[in-house]
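Please look over the sequence and the structure shown below before reading the briefing.

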2 protein chains.
Amino acid sequence: MVSENTKDIEELSHMKRKILREAERLIIEKGYSNTSLREIARNLDISPGTVLYHFNNGKLEILREYLRTALNDLNLAQFVQDLDYDSFDETLRDILGLTLKSHRKYREFAAAIEIEILSKPDSFRKLLDLIKPEIQIALAPLKVLLKRFPDKNYKLEGKEKELIFAIDALTHRHIFYGNFFGSDSDLINLLVTVAKAILENDL
Amino acid sequence: MVSENTKDIEELSHMKRKILREAERLIIEKGYSNTSLREIARNLDISPGTVLYHFNNGKLEILREYLRTALNDLNLAQFVQDLDYDSFDETLRDILGLTLKSHRKYREFAAAIEIEILSKPDSFRKLLDLIKPEIQIALAPLKVLLKRFPDKNYKLEGKEKELIFAIDALTHRHIFYGNFFGSDSDLINLLVTVAKAILENDL
């Protein structure tokens, strides 16, 4: 019985991976808005119901799964261990550098989220609810850093989303507009200033 | 002869306005990417060639025309005269407040530009070339302010686009994500910090 169950789970996740791969291919080829669950299903020769079974929030949950993949890929637990906490600013630069690297690697996904929000503002609130755990995971390195510098008057609680989405907005512009803010180091200087402004002020 | 020519010009600008109004209607109804010159022409019972005659860079030039309308609407010459230049920060807040108001009024247009850039990164460079004069006009109040405070070590030259598009990215997020950064005053605090960081640093 145990092995049967295990096999079921493996098959499920195999199908989930197949759906994600096809979704990714279509999003890159035609853009997020032009990609439908129906077409993903048709191309994989499965029913739209099967896609919804694996991703019951539909396209938004596909976005969430990408975000998870991107976060796993960062190996944050190791990253947090390897950080050098001598200087607050330098460590913040390292964290923002990793953010930039990840956004660049997953730029199609980043563009997809941005377009989704612009075309359907309501879906943003839904997405934000859906990715609450991922937001916390993404902020783990910053939280560790803030704990190491308790004397700095920085506060993250209640400003998690503001911080992530301000960094995100500027990083997207930099990537999508062809290194818009100059070198990566120039962008990171700007991001450090913005991050500190948000952490300092009572926004 | 003179009156004939004048009549021609009036008719041209009348047609241009008709095209713009129909483009606006379609963009709001179906989104920018789903709006085609062909459909604008069909709805107005004119040929696609007539649309291209009035907007020979096609949809990008329609975007530019919107930008011009939005800028005209701001009545910047009067705004610059009415500003109170007692405090640098307070005057910068007034300028950024006007930016926010304008973005909010023309949010459909703002979303259209953002989607255009995300779906076709190449068209951004083209748009940027096209709207060079409008960027300078939009920056007029800030330029006047900087001249009034020559002792501040701020430099705008060479950083015009960086400044506009950083402000723009954060303002869009605030508007599209439902006052994301808190109150408008909270957003403007953040924008003042970002603007000063860009004007100060050698980005």
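I198(B) is buried because its relative accessible area is 0%, where buried means under 20% relative accessible area, exposed over 50% and partly exposed in between, with a 1.4 Å probe and protein chains only. This is a predicted model, in which local features need pLDDT of at least 70 and side-chain atom pairs count only at pLDDT 80 or more, while totals for chains, interfaces and linings use all residues. Residues are numbered from 1 along each chain as its sequence is written, chains are lettered from A and ligands numbered from 1 in the order in which they are written, and side-chain values use heavy atoms, with hydrogens and water left out.

- I198(B) belongs to helix α12 (residues 184-200) of chain B, helices (H or I, at least four residues) and strands (E, at least two) being DSSP runs numbered from the N terminus.
- Although I198(B) and E160(B) are 38 residues apart along the chain, their C-alpha atoms are separated by 9.6 Å.
- T91(B) sits in helix α6 (residues 88-105) of chain B, and T91(B) counts as buried because its relative accessibility is 0%.
- When residues up to four places away in sequence are not counted, T91(B) touches L83(B), D84(B), Y85(B), D86(B) and L145(B), a contact meaning heavy atoms within 4.5 Å.
- Y177(B) is placed in the loop between α11 (160-176) and α12 of chain B, and with a relative accessible area of 4% Y177(B) is likewise buried.
- Which residues does Y177(B) contact, leaving aside its neighbours within four places in sequence? Y177(B) is in contact with E114(A), I117(A), F124(A), R125(A) and F165(A) of chain A, and with H172(B) of chain B.

**Salt bridges**

- Side chains of opposite charge can pair when their charged atoms come close.
- Over all chains, a search of the whole structure finds 22 salt bridges, a salt bridge being a side-chain nitrogen of Lys or Arg within 4 Å of a carboxyl oxygen of Asp or Glu.
- In chain A, the side chains of E65(A) and R68(A) form a salt bridge with an N to O distance of 3.3 Å, and the two residues are separated by about one helical turn because they are 3 residues apart in helix α4 (residues 59-74) of chain A.
- E65(A) counts as buried because its relative accessibility is 15%, whereas R68(A), with a relative accessible area of 30%, is partly exposed.
- A network of salt bridges links R64(A), E65(A), R68(A) and E134(A).
- In chain B, a salt bridge of 3.3 Å, N to O, joins the side chains of E65(B) and R68(B), which both lie in helix α4 (residues 59-74) of chain B, 3 residues apart, or about one turn of the helix.
- E65(B) is buried, with a relative accessible area of 15%, while R68(B) counts as partly exposed at 31% relative accessibility.
- K196(A) and D89(A) also form a salt bridge, in which the closest N and O atoms are 2.9 Å apart; this pair links distant parts of the chain, since K196(A) is in helix α12 (residues 184-200) of chain A and D89(A) is in helix α6 of chain A, 107 residues apart.
- D89(A) is partly exposed, its relative accessible area being 29%.

**A charged patch on chain A**

- D84(A), D86(A), E90(A) and D94(A) form a negative surface patch, and patches are made of residues with over 30% relative accessible area and no salt bridge, like charges being joined within 9 Å and nonpolar side chains (Val, Leu, Ile, Met, Phe, Trp, Tyr) within 5 Å.

**Chain A as a whole**

- Chain A has 12 helices and 0 strands, and its C-alpha atoms fill a box of roughly 55 × 45 × 30 Å, taken along the principal axes.
- Of the 203 residues of chain A, 51% count as buried.
- Among contacts in chain A between residues at least 6 apart in sequence, 71% join residues at least 24 apart.

Technical notes
Areas by Shrake-Rupley, 256 points an atom, 1.4 Å probe, with all protein chains shown as cover. Lys, Arg positive; Asp, Glu negative; His and termini not counted. Charge placed at Lys NZ, Arg CZ, Asp CG, Glu CD.
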